[in-house]
Each structure stands twice: as C-alpha cells, then as structure tokens.
Amino acid sequence: MLSLLLIILAATFFTGIIIRTKSVASGRKGPGVFQPVKDVIRLFKKGAVYSETTSFVFRLAPTIYFASVFVAMLVVPFGQSKGIISFNGDFIFFAYILGIGKFFSIIGAMDTGNSFEGMGASREALYSMFAEPAFFILMGSLALLTGFTSFQEIFSALHLGSSISYALAVMAAFVFLMIAMIENSRMPLDDPKTHLELTMVHEVMILDNSGFDLGLIFTAGYLKFAIYGAIIFNLFSGTIAYQYAIPMFFGMQAFLAFVVGMIESFMARFRMNHNAQFIVVLSSVSLLIFFGALLVSGKFI
Amino acid sequence: MIELINSSWIIAFFAMVAIYFVPAKMKAHTAALAVVANAIVTGWLAISALTGHVVSFVFYGGNLFGDVLVRVDELSAWFLLIINFTCLTGVFYGSGYLKTSDSSPKKLNLHWILFVLFQLSMLWVCMVQHGLVFLIIWEVMSLSSVLLVIFDHNNPKIIKAGISYLVQMHISIVFLTIGFIWLYFQTGSFSFDAFTGYFGSNSNVGLFLVLFIGFGLKAGFIPLHSGLLQGDPAAPSHIAGIMSGVLVKLGIYGIFRVASYLSSDYLLLGEIILSVSVATGLFGILNAAVHRNLKKMLAYCTIENIGTIGIGIGIGLIGLGNNTPVLYYLGFGGALMHVLNHSLFKSLLFFSAGSVAQQAHTSDMEKLGGLIKKMPRTGMVFLIAAIGICGLPPFNGFISEFLIYSGLIEGVKIHDTNEMILFSVSLAGLSVIGGLSILTFTKSFGTVFLGTARKQLPVEPHEVSLQMLIPQYAIIALMISVAIFPGFYLQVIGNVIMSLTKGVIIPQPAGFTNYISILQNISNYSILFICIVGIFWGIRYKLLSARSKVIQPTWGCAYAAPTSKIQYTGKSFSKTLSKMFNFIVIERKQYTELKAGEIFPEERKHASHYHDFFEFRFIHVITNQLVYAANYFKFIQNGRIQSYVLYGIVFILTIFILTAFNIII
C-alpha cells in the first residue's frame, strides 16, 4: 500500500525533472516540474477525435494499457512493506501484465491503418521482446542469490554484505534503468522529441489518440518510470527504517530522473538497426549478474 | 465399465455405416451424434478414472497379439477429455463450415466417416497399452488424418501436401515400430508394462530416444517438424484445428507414457528434451512471426507451443533426476496444463481463421484487412484466442506459462551449476518466445482484422453462421474457466502426475500445493485487472458521453490522399526481425534486376518467400540426392508388364533356390 502511494507521488515529478534537466542543459529555463501533470489534467478535460478507420479496439486500447501499468504498480514493494499483490513468482506476473498492455497499445496503433503507426508498433513489439530476457535472467539470478522468488522477499533478503554484491546491485540498477528507458521509449533507443514520423517509435503509435485516451497513455508512461525507479530503489534499500527510506526514495527517483535527463541531453539516438544489438548487450549484462550471483553463492569454480 | 469401452467402437462402427446410407443433409448430423455418443462414453470412463476408478481389462487377441491390455488410467483420462472436447467443437464447427462449400455427397460421405474413425482412433491410442495394437491404431489414426487433410483433393497443391504429410507420418511409425520391436526382443512382450522391466535393467537412453523421435515427429519437435507444416495448412479448418489442437498432443502423450516407465538417466534425457524444446520453441515462433499465410503461421505457432510443453517435460525429468519433487510436479504440471490450454486456443484460432478463409476465400494476410467491422464476432474470438496463446493474463495461457516459468525459476535454485545455467538460458529462451508471440499475434490480428481492406475481395465477407460461432464460444467458456479456477485444474493434474510414476509414488510436495493457492491468487488478480479496466472504462464513458466526439480520417502525417495501400503490411511488420535472424529464417526473392540501359522500366514482378531452415538446408538436399541416385534405376520401372512378371519370377526363384540350399530358413 505504501509503495502504491509513493510511486504515484514520484510519478508526478519524475517526467517533470527529466524535462527540466534537459531544458537547463540546453540553456533554457524550461517548464515547471509539475507541468506534465498539468498537461494530463488538461487532456482529461478534452473531447475526443477518432479516426473513421478505427474500431472498438482503438478506443479500448488506452484503457487496458493504463490498467496494465496500474496493476503492475501494485506488484512493486517498498523495502520491507509488500506491494498489494505479492506471491511467489510475482515478477512473472509483473512482466506479463505489462505485456497485455503492450499487446493492446500495439493493436490500437495498427487499428488506425496509418503506415507510420504500424511501423512504430512493429518496433515497439521488437524492442520490448529483446528487453524481456534481460529482465528474466536478472530476476532469475536474484532468485538464485537470495533463494526467494517474489519481489518483496528477494529485495529484503538482498543483503549487500560483500563488495561483489554491491557490484551486482549496480549492474542490476543499470539493467533496470535501461529496461525503463526501453519500456518508455526514451533516448538511446527512441527520441520522444523527434519530429520525423519515420524515426519515432512510441510517439508515432499514439498519433491518432486524443483527449482522455492520450491522457491515460501519458499517465501510464509517468507511472512506468516511477515503477522502475521504485524497483531500482528496492535494490539498495535493504532494511532501512521508513523515516530514512522514504526521503531516500524520493531522492533516488529525482536522481534517476536527472540521469535520464542528462543521458537525453548529451547522447544522440542510436541508429535504428543498432538498437537490437544494444538490447542484446543488456541481456549480456544480465548474464554477468547471473555469473556474479553464482560466484557469490559459491556454486561457481 | 468394460461394456463402456467396447461400446465406444461399436457406436463408431454403426455410425460409419449409417453415414453412408443417410441423405446428404443428415450426414453431418449423424457424425455429430456419433461423436457426442463416443465423447459421453469415453468421457465417463475418463472422469471415473480421474476420481480413482481406473478401468482396465485384457482381451485375448489370438496368437499374433497375445493378451492385449486396455486401460484407462489418469494420464489417458486427461488426454481423452481433451480429445473429446476438441472433437465435439470440431464436429459442430465443421458441419457449419462445410455447409457453404458445394461438396458432392460422395466427398461428404468419406469425410464424415473418416471423422468418426479419426476420433475413435485418437481415443484408442490413449487407451491401448500393447505395442503392436497401439501401432495399428496409430496407423489408422495417421491414415484417417491424411485422408481428412486431402478433403479438397481436386487441388494438386493439397494432394502434394497430403502425400508429404503421409510420408512424414510413416517415418514416425518406423521409429515407433523399431522401438516396440526392440522392447519385444529384449523382454518377449509387447505390453507397455514390459517397459518397467526393460528400463529397470538396461540403459534408458537408447530406447527412449528412439521412441522420442517417433513421437516427436508427430508432435513436431525440430528438426522433425515438417510433417506438421504440410498437414495443417492444407486441411479444412475444423480438421486443422483438431490436428493442431489434439493430434500433435498424442505425440506428447506418447512421450509422457514412455517417460512414466523410465527408471534412470533422468538427468541426461531431461537435459536433451529441455534443450531441444527451447530450440523448437524459438524456431517455431520465429518462423510464425514472418509467414503471411494465416494457417501456416498457426502451424508454426503449434511448433512453438510444443516447445513450451517440451520445456515442461524437460524440467519434470530433471526434477526426477535431482530428487526435487517440486520441479517434477511443476514441470509435468505445466506441460499437462499447457496441453489443455493449447488445445483450446489453437483449435479456436484455426476455427476463426477458417471462418475468415470461408468468407474471404483466402488465408493470405496481405490481402485482408479491416475484417473486424465485417465479422466483429469472429474478430473478437480471434483476439481472445490470440491473447490466450501469447500467455497473457487474464486468460488461461498465462496459467500454464506461469507454472513452467516457476519450474525454471525453482530450477535455477538447484545446487548444480550445469542445470542452473541450462535453466537460466531456458528462462531467457522462454521469455523471448513470449515476446515474439506478442509480435506474431499483434501482426496477424492487426493485419487481418484491423485497418482497412487491402484488396477488393471477390465476395463481400459477412459474419459466419451461429452454428460456427457457438462451438467457438464454448471453447472460450472453457478457457475462462481455466483462467478463473486454475486451482481446480491443477489439483486434477496433480493427481494425474502422482499416479504417473510406477511403483514409487512421489507425494505432492508442499511447494507444489502452495502453487495451487498461488494460481488461485493469480486468477483473483486477473479479475482485479478486469475490474480496473472496467472502472477506468466507466469513468471514460461517463466523461466522454457529455463531450464532443469528432470522427475524421486517420491523420496521414500531412499526406492528403491516403489509400488503403498505404497501410503497414504484415511483411514489413516482421521485416526487421527476419533480417536480424536471416540465418534461420531464409528468404528467397524472385525478381529481374534493372538493366543498365533501362531508363523507363516496365511493369515487373517481385516475389519473396520464406523457406523453412531444415527443409531448405537438410531435407531438400537429401531428397534431391536420393532422386538423383534413383534416376539411375529408372530402367527397372519401364512400364512393360512382361518385365514386371519377369521380376516376380526371378524373385520367387531366388527365394526357392535359397531355401533349397538352406541359406535362408
């Protein structure tokens, strides 16, 4: 329950900080930190424009996408306190419930019959497919390291005693951050600020969405960032008491948002055909974590 | 109870005679009646077996067969129920499907008689436990399925596919025959119980692998999958649904049956099956993602699912080898659950693809589009089946995928480095399979049902008849029941698995019974998910109902004259993927290059096809060599009767002389 509240709070400023960082880095003052939330509220007040090509799938898709992110949020724990949904193997549920959202956002884009939206949908499907093994190998190695199979138990048993497990946590944080970037279609893979449909991934999929639906999609995006931020925080939180953990949580989220902003300011987007290689690199990092976990648990050598 | 078993074939026999004599309109109804009667009889047997009353009897089959054991135990029961359900929906869907085709009564005669025989033989394959009789029934099953596949026998392509399928199925029988003869020579008995003795005192690897190849050819493990690819796309949709839904599962049944007699070498065999299965799954889904023919895509997807089931079997065997009952239960449980789930959504997909093919007269995705407006119910059915087969919650596919994932994750915790690495690689493989299924099915659903029509179809498609839709709704109902009450199904499966091992009973570990409650929780969370969707949909509806709604053309990115040809095609949707894996997914293009002086090129054609890696690189190479060598012996087959008579005489003389000199006895 606590995690739900904290993630929603973090989601309100996460994207704002990214945008602010980017503005400052490029020498502008930039909008306020809560501007994205205001944008969404404005969208929620608007009417709707639909394409004549679309069917009920297009109208249903944003709601299901949002609901899937919402349910995934319920799975994420906060330190010692469980998420609302917690059971052995809940991270499989987490990945697959996000999957159903992705499924619908893809077919929603294809429903418009627009060539670019189909293109974006195809890329989204491909990239998220490549991110999947990294996530599962990573969670598998954490399960191996701790002997547990649910988010909360894994994170609370992840004692950062030896120096090698710090290295593991840092690498895991890197993998999670990159998965978050892929899931949200951010910089190294996709430039959300591009104005050319040919080079868009996620942005082009939602070209035809408007009003309430678009607001839902944006909100889901903000939540997704905060969800992954919370997971990364959990890697380090261990058994810290709440009065320290909660400020740390917000600090960490703000820091991650800053990092994302810096990456987006100082990096160019990869060439499309290099994206797949980049994502495979993520799986390799996950494999490194796996071998590290083998080392720590003394099963290797 | 024994009367029930016998009444099964008596019903089928009378029905087959009756179908011949009743008027053309009644043939489908008669067949349906027989299928229903047979389903009730064998379903009754199956349910009584699952509740603890295993029925078995022995009949004397003459000198040749000896005592033939017929037994309906828990494993048979699970498969009997699945076969019966799919055959039931198949026969009702099929009678609607064939109504619109103007087939002669002769064709229908043969079709429905074979259908009854097909169901009967599949049922008996699961009940007979005697090698020789098993082979005969297996052969009847293969032959009836081949003849059902070539329903449309005026089409030379279908005949060709049918013959290819026939050949592949017989390679399977060759391996099975070798296996059972091996058993006979070692133990002197054809009964399945002889496996216990053989496996108890000999190495388990050889015989099991021979039988695994035989059954694997039926199931479609790579590189033995090409029979499946020939049969399913050529068959009429209701037959394809049954073949993909349950016929291939009989290969899995065989593997389970033989595996239940194993007594050593679990680890090695489990590792082999696990590795082959991961490769099978990846290969299947990768090919499914690129193919543009809906039925071919579904056939490849079946291969992928066989891979997923195989992963479960592999985990189970490794669990047996490692003395970790949790793995054994999770692996086999996941596999058996996936057998059920896949039979449901795959038959559903074939049925709805059949509805599309019936209305649009093509299965080529690139010629379709926007069908959801013309066939909303079929579109909905396809969508539900697609979500199911991607293993996404809230439908049933997730239940079995979750079990198999849990098996792999429990496996990662085993204290053995080899297995840990194998399990974590399989984990990655399974997650890629999951991701690619999403790509495959969003592509298929999106191209066929969404957007606008890509080509003007010869006949405007309409929604199919209620007779075809009701069986599909029935399948959806069962899918939802699995999704809502997974605990119940897992309990039944738990009992099946407990009775599987002969002699030593492995009790259900606490870890496994935990999973029953976890699955129940998952279904609650899935319902929660649906509720949340409902809540936000309600809010959205309430807010938007008072506001302006504008319907406009799709935003064409500032292009003012959009046509339906502008849509992204299915091929381009998966093009990036196929490029990335071009060493497995082989693409061949046919076109003429522009010549140097050609300034104003004329209209020209461009064709591209995806080839199956194993067919293209291995099977075709071998068969081409064979044909080349066989050409030298053409003179034997010269078409003159005189020569043939001469061959006969020479043969008889040789035999006579050899016997006279005691060279052969």
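In this predicted model, the C-alpha centres of domain 1 and domain 2 of chain B are separated by 46 Å. The domain assignment of chain B places domain 1 at residues 265-539 and domain 2 at residues 611-665.

One helix of chain B, α21, covers residues 510-545. Its end C-alpha atoms are 52 Å apart, and this agrees with the 52 Å that its 36 residues should span at 1.5 Å a residue.

Helix α1 of chain B, residues 2-21, can be considered in the same terms. With 20 residues, α1(B) reaches 30 Å from its first C-alpha to its last, close to the 28 Å expected at 1.5 Å a residue. Its buried residues are Ile5(B), Ser8(B), Ile11(B), Ala12(B), Ala15(B), Met16(B) and Ile19(B). Among the elements that cover these buried residues are the helices α2 (24-50) and α5 (105-127) of chain B, together with the strands β1 (55-60) and β2 (67-72) of chain B.

Ala12(B), Ala15(B) and Met16(B) are among the buried residues of α1(B). Val116(B) and Ala31(B) are the residues with the most contacts inside the largest nonpolar core, which has 333 residues. The largest share of this core, 21 residues, comes from helix α14 of chain B, residues 325-360. In soluble globular proteins, nonpolar side chains tend to be buried together.

Leu344(B) counts as buried because it has 29 C-beta neighbours inside 10 Å, where 20 or more are required. Not counting residues up to four places away in sequence, Leu344(B) touches Asn396(B), Ile475(B), Leu478(B) and Met479(B). Ile303(B), by contrast, is 41 residues from Leu344(B) in sequence and 15 Å from it in space, C-alpha to C-alpha.

In chain B, a cis peptide bond with omega of about -5° joins Ile222(B) and Pro223(B). Pro223(B) is found in the loop between α9 (205-219) and α10 (226-234) of chain B. Another cis peptide bond runs from Pro393(B) to Pro394(B), with omega near 5°, and Pro394(B) lies in the loop between α16 (376-389) and α17 (397-412) of chain B.

Ser185(A) has a phi of about 55° and lies in the loop between α7 (163-183) and α8 (202-205) of chain A. Asp265(B) has a phi of about 60° and lies in the loop between α11 (237-259) and α12 (266-290) of chain B. Ser185(A) counts as buried because it has 22 C-beta neighbours inside 10 Å. Asp265(B) is partly exposed, with 17 other C-beta atoms within 10 Å, because that number falls between the limits of 12 or fewer for exposed and 20 or more for buried.

The contact between the chains takes 63 residues from chain A and 65 residues from chain B. On the side of chain A that touches chain B, β1 (48-51), α3 (56-75), α4, α5 (115-146) and α11 (272-296) of chain A each supply at least two residues. The largest share of this side, 17 residues, comes from α5(A). By residue class, the side of chain A that touches chain B divides into 37 nonpolar, 19 polar and seven charged residues.

Two of these contributing elements can be described further. The strand β1(A) is joined by four bridges to strand β3 of chain B, residues 549-552, and the two strands run parallel. Within this pairing, Ala48(A) has Lys549(B) as its bridge partner in β3(B). Helix α4 of chain A, residues 90-110, reaches 30 Å from its first C-alpha to its last over 21 residues, close to the 30 Å expected at 1.5 Å a residue. α4(A) is mostly covered, with 21 of its 21 residues buried.

How values were computed
Residues are numbered from 1 along each chain as its sequence is written. Chains are lettered from A and ligands numbered from 1 in the order in which they are written. This is a predicted model: local features need pLDDT of at least 70, side-chain atom pairs count only at pLDDT 80 or more; totals for chains, interfaces and linings use all residues. The expected span of a helix is 1.5 Å times one less than its number of residues. Domain bounds come from an automatic or database domain assignment. Two residues are in contact if their C-beta atoms, placed from the backbone, lie within 7 Å. Ala, Val, Leu, Ile, Met, Phe, Trp, Tyr, Cys and Pro count as nonpolar, Asp, Glu, Lys and Arg as charged, and the others, Gly among them, as polar. Two strands pair if DSSP finds at least two bridges between them. A nonpolar core is a set of buried Ala, Val, Leu, Ile, Met, Phe, Trp, Tyr and Cys residues joined through C-beta atoms within 7 Å.
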